Amino acid sequence: MKNKKRNEEKRQNPYKYSFTIDQEKCIKCDWCLKEKPHDNCILMLKELDTDSKNNPIAYKLAERKRDMNVIWINSDECTRCGICEKVCPVDAIDRSLIQTK
Ligand code: SF4
Ligand code: SF4
């Protein structure tokens, strides 16, 4: 019953946290990749194309760590658990509140 109420509150909440990696700060230590709870919430990328507002348009996955140029949070798979933010040694992961409705 409690869970049902919480889920309903979540569904109606017009705000959610968005997690992003500050590429200037990221030292590509891969700690967040090791601790992530979902396979695809944080990705190793070879390339990332963004539009003028810094929204992702297209990306190419890196097969191996040595091909990785960007570590990127895939907001479609992120469940906003905050684990990556906690393990990052250089505070490269930003959390911001965004409006969804
Ligand atoms: S907040 Fe959690 S789910 Fe989202 S990217 Fe970080 S580790 Fe993955
Ligand atoms: S833990 Fe932080 S510094 Fe390390 S790869 Fe992830 S975002 Fe970059």
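In what order do the three strands of the open sheet stand? Select the strands and you will find E3-E2-E4, with antiparallel pairing. Strands here are DSSP runs of E with at least two residues, numbered from the N terminus, and two of them pair if DSSP finds at least two bridges between them.

Before going on, a word about what is on screen. This is a predicted model, in which local features need pLDDT of at least 70 and side-chain atom pairs count only at pLDDT 80 or more, while totals for chains, interfaces and linings use all residues. Residues are numbered from 1 along each chain as its sequence is written, and chains are lettered from A and ligands numbered from 1 in the order in which they are written.

**Stop 1**

Now select E2 (residues 42-50) with E3 (residues 56-61). Five bridges join this antiparallel pair. Thr50 has Pro56 as its bridge partner in E3, and Glu47 stands opposite Lys60. Five residues lie between the strands of this hairpin, and Asn54 takes a positive phi near 70°.

On to E4 (residues 70-73), which pairs with E2 over four bridges, again in the antiparallel sense. Leu43 stands opposite Trp72 here.

**Stop 1: the core**

Select Phe19, Ile21, Cys32, Cys41, Ile42, Ile71, Trp72, Cys78, Cys84, Ala92 and Ile93: these eleven residues form the largest nonpolar core. Strand E1 (15-21) and E4 are the elements that give two or more residues to this core. Such a core is a set of buried Ala, Val, Leu, Ile, Met, Phe, Trp, Tyr and Cys residues joined through C-beta atoms within 7 Å; buried means that 20 or more other C-beta atoms lie within 10 Å of a residue's own, with C-beta atoms placed from the backbone.

**Stop 2: the ligands**

Show ligand 1 and the 14 residues around it; Cys41, Cys78, Cys81, Ile83 and Cys84 are the closest. A residue is near a molecule if its C-beta atom, placed from the backbone, lies within 6 Å of it. The shell around ligand 1 has nine nonpolar, three polar and two charged residues.

Terms used
Ala, Val, Leu, Ile, Met, Phe, Trp, Tyr, Cys and Pro count as nonpolar, Asp, Glu, Lys and Arg as charged, and the others, Gly among them, as polar. A residue is buried if 20 or more other C-beta atoms lie within 10 Å of its own, exposed if 12 or fewer, and partly exposed in between; C-beta atoms are placed from the backbone.
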